[in-house]
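Colleague: I would like to learn how to read the features of a model such as this one. Please take me through them one at a time.

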Amino acid sequence: MHLTQPLPFLLGIAGPSCAGKSALARALAHRLGPPPQLVVELDRYYRDLAALPPAERGRLNFDEPAAFDWPLIESQLAELAQGRAVEAPNYDFSTHTRSGQPKRLKPTDFIVVEGLFALAHAPIRQLFGLTIFIAAGEDLRLARRVARDCAERGRTEDSVQAQWRDTVEPMRRLHLDACAAQADLLLDGALPLDELVAMVLARLPPANG
């Protein structure tokens, strides 16, 4: 962790699917406020598949680094790190395309960046003052994934189970587990959220720099 990094201070949270990245990011954003600090979800930056027939989109692998628009992620995080607002894309998981108007993201004193591969891309990792990897057991993560995707992403339980078996876990082993070595702080996503937040806060500099 680089305590001399000026504000905005960026935190990067990576980890396998449904280990607790989003919940931790949101909780930190509120604890580091008021007002709530900015959370940047890398899920916004999946590549737009509008050029492909709809039947082909869902067959692609969304659990590898190549599924993301890294040039856009890098440029927008660099802008935020310099204190400048960006127009971030909105991603529709039911169609695998970008949809609607971009969302304007305005930098705050602390910026929490969360996503599967938040620590996998060196130019982005270098922007972070604190890097975090959160993991949890497979049974817990799968149960969370089924509940989330069926409720929020228009999926069926069978399709979630198949994707988990075919790409989510194989890609975790191939691409993601090694990212833990890039983290300043390793967390267990099965722990209570308040405990996880306290562990992160203990590693942060004061908001006044």
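**Pockets, sheet and cores**

Modeller: The largest pocket holds about 990 Å³ of space. The model is predicted, so local features need pLDDT of at least 70 and side-chain atom pairs count only at pLDDT 80 or more, while totals for chains, interfaces and linings use all residues. Residues are numbered from 1 along each chain as its sequence is written, and side-chain values use heavy atoms, with hydrogens and water left out.

Colleague: What is a pocket, and what is a cavity?

Modeller: Both are sets of points on a 1 Å grid over the protein atoms alone: in a cavity a 1.4 Å probe fits but cannot get out, whereas a pocket is an open set with protein on both sides within 12 Å along at least five of seven lines. Lining residues have an atom within 4 Å of a point. Grid points are joined across faces, edges and corners, and a volume is the space filled by probe spheres set on the points.

Colleague: Which residues lie nearest the centre of the largest pocket?

Modeller: Asp43, Phe93, Arg148, Asp149 and Arg153 do, out of 40 lining residues. Helix H1 (21-31), strand E2 (38-41), helix H5 (138-152) and helix H6 (157-176) are the elements that give two or more residues to this lining. Helices (H or I, at least four residues) and strands (E, at least two) are DSSP runs, numbered from the N terminus.

Colleague: How many residues of each class are in the lining of the largest pocket?

Modeller: There are 12 nonpolar, 12 polar and 16 charged residues. Ala, Val, Leu, Ile, Met, Phe, Trp, Tyr, Cys and Pro count as nonpolar, Asp, Glu, Lys and Arg as charged, and the others, Gly among them, as polar.

Colleague: How many cavities of 30 Å³ or more are there?

Modeller: The count comes to one cavity of 30 Å³ or more. The largest cavity has a volume of about 60 Å³, and its lining divides into six nonpolar, one polar and four charged residues. H6 gives the most to that lining, with five residues. Arg141 and Asp63 are among the lining residues.

Colleague: Is Arg145 buried or exposed?

Modeller: Buried means under 20% relative accessible area, exposed over 50%, and partly exposed in between (1.4 Å probe, protein chains only). Arg145 has 6% relative accessibility, so it counts as buried. Arg145 belongs to helix H5. Contact means heavy atoms within 4.5 Å; leaving aside neighbours within four places in sequence, Arg145 is in contact with Ser17, Cys18, Asp63, Val160, Gln163, Trp164 and Val168. The C-alpha atoms of Arg145 and Cys18 are separated by 5.9 Å, although the two are 127 residues apart along the chain.

Colleague: Which strands pair with E8?

Modeller: Two strands pair if DSSP finds at least two bridges between them. Strand E1 (residues 9-14) runs parallel to E8 and is joined to it by five bridges, with Leu10 opposite Phe128 and Ala14 opposite Phe133. Strand E9 (residues 185-188) also pairs with E8 in the parallel sense, over four bridges, and here Phe133 stands opposite Leu186. Seven of the eight residues of E8 (residues 128-135) are buried, so E8 is largely enclosed by the rest of the structure.

Colleague: Which strands are joined to E7?

Modeller: E1 is joined to E7 by five bridges and runs parallel to it; Gly12 stands opposite Val113. E2 and E7 pair in the parallel sense over four bridges, and Leu38 has Ile111 as its bridge partner. Both faces of E7 are covered, with Phe110, Val112 and Glu114 buried on one side and Ile111 and Val113 on the other. In E1, six of the six residues are buried, so E1 too is largely enclosed by the rest of the structure.

Colleague: Which residues have the most contacts inside the largest nonpolar core?

Modeller: In soluble globular proteins, nonpolar side chains tend to be buried together. A nonpolar core is a set of buried Ala, Val, Leu, Ile, Met, Phe, Trp, Tyr and Cys residues joined through side-chain atoms within 4.5 Å. The largest one has 32 residues, and Val40, Ile73, Leu80 and Leu105 have the most contacts inside it. Helix H3 (70-81) is among the elements that give two or more residues to this core, and H3 gives the most, with five residues. Apart from this core lies another, of 23 residues, including Ala19, Ala25, Val197 and Val200.
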